[in-house]
Amino acid sequence: MPDSERLSPPPLVLVANDQEWSARSLESIFAPQGYAVVRAHTGRQALDLARRTQPDVVIIDSGMPDVSGIEVCRLITEDGLFSRSTPIVVTTAGPASRAERLAAYKAGAWEYVSQPLDSEALLLKLQNFIASKRQLDRCREDSLLDASTGFYNVRGLARRAQEVGAEASRRRAPLACVAVSPASSDESLDEDPAVLFERLAEHLSDVFRRTARISDIIGHLGKTEFAIIAPATGATGALRLIERLRETMADARPDASNRLPALDVRAGYCAVTDFGESSVDAVELLLRAATALRHAKSGGVERVSAFEDVPTRFVH
């Protein structure tokens, strides 16, 4: 392993194989090279461990007893809770046909290897795979955009808030931040927020694009929460923006075949009439809108909350 990689946390390898001797053989290859290893004995266990441990590489046997290794590879690759940059190596106990190899690559495998393994070649491949993964992860962390929506992430929102705030301050213009989250009386919204967002992401993204003005800055705060930075907008304009979102959400109900609920929104906002005289910066304005949203989601009757109306227990 290169010296630069030794400064990073040890690479974590998920070995999924129901044959004890084969799994131990793989572990004996990786452990002496400084890799940490977790093991799964079924395909479903591999999926669960992949989500929970976020390994640097997955090595899975094609002949898992419950779900085939190639199917697990496909499910991991398509799972929004799992990094698509993580390399997956599918192994097989015997000679592999061309069709099997192509099926593995189509499912998202980075490599398909037959046993007995060439351990030296495998280690060199993994070294390259993991270096590529970590570089991609670093690029993703440095990015200002959220991969799942195409909107700004929290880092990007903060940077754009500073830029817009500086302009609003020079112009002594109004500035508003609105934070919103889908809401419904439908019990399906009680499911895991990450799973819910996976179902609603495309629909919600379309709603925000159709509602916001060209000058508005849209970001994904996390889970099912979004934020809009609205230049030249006061409290009245922020309320109008929220109302447009509610109307668009109601008019653009997802297809019933997707079993998605009719949606409304919970929203919080904070607005300043003259940002040149504001005692808070634009990032704090964004945080206050998020705090107001948290209050609106706390179970009260009001679906929209201004920061000024938020009880002190919600303000950190």
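1. Strand 1 (residues 12–16) and strand 2 pair in the parallel sense over 5 bridges; two strands pair if DSSP finds at least two bridges between them.

2. Residues are numbered from 1 along each chain as its sequence is written, and side-chain values use heavy atoms, with hydrogens and water left out.

3. Now the confidence, where pLDDT is the predictor's confidence in each residue, from 0 to 100. The protein chain has a mean pLDDT of 84, and 84% of its residues reach 70 or more. Over residues 1–7, however, pLDDT stays under 50, and the model has 9 contacts beyond four places in sequence for that stretch; contact means heavy atoms within 4.5 Å. Where pLDDT is low, the predicted coordinates should not be read in detail.

4. Back to the sheet of strands 1 and 2. Its 5 strands form an open sheet in the order 2-1-3-4-5, with parallel pairing. Strand 2 (36–40) and strand 5 stand at the edges with a single partner strand each, so one side of each is left without a neighbour in the sheet. From one strand to the next, the twist averages 20 degrees. Helix 2 (residues 20–30) packs on this sheet and touches strand 1, strand 2 and strand 3 (57–61); the direction of helix 2 makes about 165 degrees with that of strand 2. For such angles, axes are lines fitted to C-alpha atoms, for helices over the stretch in contact, and values run from 0 to 180 degrees between N-to-C directions.

5. The other sheet to look at is also open, with 5 strands in the order 7-8-6-9-10 and mixed pairing. Strand 7 (217–222) and strand 10 (304–306) are at the edges, each with a single partner strand, so one side of each has no neighbour in the sheet. Neighbouring strands are turned by 20 degrees against each other on average, direction ignored. Strand 7 and strand 8 (residues 225–231) run antiparallel and are joined by 5 bridges; Gly-222 has Glu-225, in strand 8, as its bridge partner.

6. Two helices deserve a look alongside that sheet. Helix 7 (residues 154–171) lies across strand 6 (175–183), strand 7 and strand 8, running at about 145 degrees to strand 7. Helix 9 (residues 235–251) packs on the sheet and touches strand 6, strand 8, strand 9 (264–272) and strand 10, with its direction at about 165 degrees to that of strand 9.

7. On to the aromatic pairs, of which the structure holds 4. Rings of Phe, Tyr and Trp (its six-membered ring) pair if their centres lie within 6.5 Å, and planes under 30 degrees apart count as stacked, over 60 as edge-to-face and the rest as tilted. Trp-110 and Phe-129 have ring centres 5.2 Å apart and planes at 75 degrees, so the pair is edge-to-face. Trp-110 is in the loop between helix 5 (98–106) and strand 5 (111–114), and Phe-129 is in helix 6 (residues 119–142), 19 residues apart. Trp-110 is partly exposed at 29% relative accessible area, whereas Phe-129 counts as buried at 15% (buried means under 20%, exposed over 50%, partly exposed in between, with a 1.4 Å probe and protein chains only).

8. Another pair is Phe-151 and Phe-226, with ring centres 6.1 Å apart and planes at 80 degrees, so this pair is edge-to-face. Phe-151 lies in the loop between helix 6 and helix 7 and Phe-226 in strand 8, so the pair ties together parts 75 residues apart in sequence. Phe-151 is buried at 7% relative accessible area, and Phe-226 is buried at 0%. Phe-151, Phe-208 and Phe-226 form one aromatic cluster.

9. Finally, some backbone details to check. The peptide bond from Gln-115 to Pro-116 is cis, with omega near 5 degrees, and Pro-116 lies in the loop between strand 5 and helix 6. Arg-172, in the loop between helix 7 and strand 6, has a positive phi near 55 degrees without being a glycine.

Technical notes:
Helix = DSSP H or I, 4+ residues; strand = E, 2+ residues; numbered from the N terminus.
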